[in-house]
Amino acid sequence: MEEFGFALRLAREKHGLTQKQVMALTGINNKTLSGYENGVAQPDLKTLTELLKLYGVSPNRFFGWQEGPREELSGQEEQLLKLCRALSEREKEELLAALRAVLRCREK
């Protein structure tokens, strides 16, 4: 459990946050956070998820889990993704419907 706490502290410090700042951002009591980082206690899944998001660390990276091989995106795919992310949810739904229609026409 000490390694787990050390990893949490390291993630917080790498993100440039103090325990007081984490408390202000999350509402986690300073003593509780200290207990996590010193290996005295472990956060529940919801709290751990909140901390990892705050620290900008993926669970896979935090726990050292191997991710499968990633497929590289082409330049066009990266552009499409970037443009899609700029759309509203409604616009994304409309685009998705249009793309499905194009694929259906292509299959005929």
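# A first walk through the predicted model

The largest pocket in this predicted model is lined by Ala7, Leu10, Ala11, Lys14, His15, Tyr55, Gly56, Val57, Arg61 and Phe62.

Colleague: Which elements give two or more residues to the lining of the largest pocket, and which gives the largest share?

Modeller: Two elements give two or more residues to that lining: helix H1 (2-14) and helix H5 (59-63). Of the lining, 4 residues make up the largest share, and they come from H1.

Colleague: What is the volume of the largest pocket, and how do its lining residues divide into nonpolar, polar and charged?

Modeller: The lining holds 6 nonpolar residues, 2 polar ones and 2 charged ones. The space itself, for the largest pocket, comes to a volume of about 200 Å³.

Colleague: Let's go to the core. Which residues of the largest nonpolar core touch the most other members, and which helix supplies the largest share?

Modeller: This core has 14 residues, and those touching the most other members are Leu8, Leu33, Leu51, Tyr55 and Phe62. At least two core residues come from each of H1, helix H3 (30-37) and helix H4 (45-55). The largest share, 4 residues, is supplied by H4.

Colleague: What does Leu33 touch, beyond residues up to four places away in sequence?

Modeller: Leu33 is one of the core residues that touch the most other members. Setting aside residues up to four places away in sequence, the partners of Leu33 are Arg12, Gln19, Val22, Ile28, Leu51 and Tyr55.

Colleague: Where on H4 do the buried residues lie, seen down the axis?

Modeller: H4 has Thr47, Leu48, Leu51, Leu52 and Tyr55 as its buried residues. Seen down the axis of H4, these fall within an arc of 130°, so they line one face of the helix. In general, an α-helix has 3.6 residues a turn, so residues three or four places apart point the same way. For H4, the answer is one face, within an arc of 130°.

Colleague: What covers the buried residues of H4, and which residues are exposed on the other side?

Modeller: The cover over the buried residues of H4 includes H1, helix H2 (19-26), H3 and H5. On the other side of H4, the exposed residues are Leu45, Lys46 and Lys53.

Colleague: Is Thr47 buried or exposed?

Modeller: Thr47 sits in helix H4. Leaving aside neighbours within four places in sequence, Thr47 is in contact with Ile28 and Tyr36. Its relative accessible area is 14%, and the cut-off for buried is under 20%, so Thr47 counts as buried.

Colleague: How about H2: within what arc do its buried residues fall?

Modeller: The buried residues of H2 are Gln19, Val22 and Thr26. They line one face of the helix, because seen down the axis of H2 they fall within an arc of 60°.

Colleague: What covers the buried residues of H2, and which exposed residues are on the face turned away?

Modeller: Among the elements covering the buried residues of H2 are H1, H3 and H4. The face of H2 turned away from its buried side carries Lys20, Ala24 and Leu25, which are exposed.

Colleague: Which residue follows H2, and what is its phi?

Modeller: The residue after H2 is Gly27. The phi of Gly27 is positive, near 85°.

Colleague: How far apart in space are Val22 and Leu33, C-alpha to C-alpha?

Modeller: Val22 is in helix H2 and counts as buried, at 0% relative accessibility. Not counting residues up to four places away in sequence, Val22 touches several residues, including Arg12, Leu33, Leu51 and Tyr55. Val22 and Leu33 are 11 residues apart in sequence, and their C-alpha to C-alpha separation in space is 8.5 Å.

Key:
Residues are numbered from 1 along each chain as its sequence is written. This is a predicted model: local features need pLDDT of at least 70, side-chain atom pairs count only at pLDDT 80 or more; totals for chains, interfaces and linings use all residues. Side-chain values use heavy atoms; hydrogens and water are left out. On a 1 Å grid over the protein atoms alone, a cavity is a set of points where a 1.4 Å probe fits but cannot get out, and a pocket is an open set with protein on both sides within 12 Å along at least five of seven lines; lining residues have an atom within 4 Å of a point. Grid points are joined across faces, edges and corners, and a volume is the space filled by probe spheres set on the points. Ala, Val, Leu, Ile, Met, Phe, Trp, Tyr, Cys and Pro count as nonpolar, Asp, Glu, Lys and Arg as charged, and the others, Gly among them, as polar. A nonpolar core is a set of buried Ala, Val, Leu, Ile, Met, Phe, Trp, Tyr and Cys residues joined through side-chain atoms within 4.5 Å. Buried means under 20% relative accessible area, exposed over 50%, partly exposed in between (1.4 Å probe, protein chains only). Contact means heavy atoms within 4.5 Å. The arc is that of the directions from the helix axis to the C-beta atoms.
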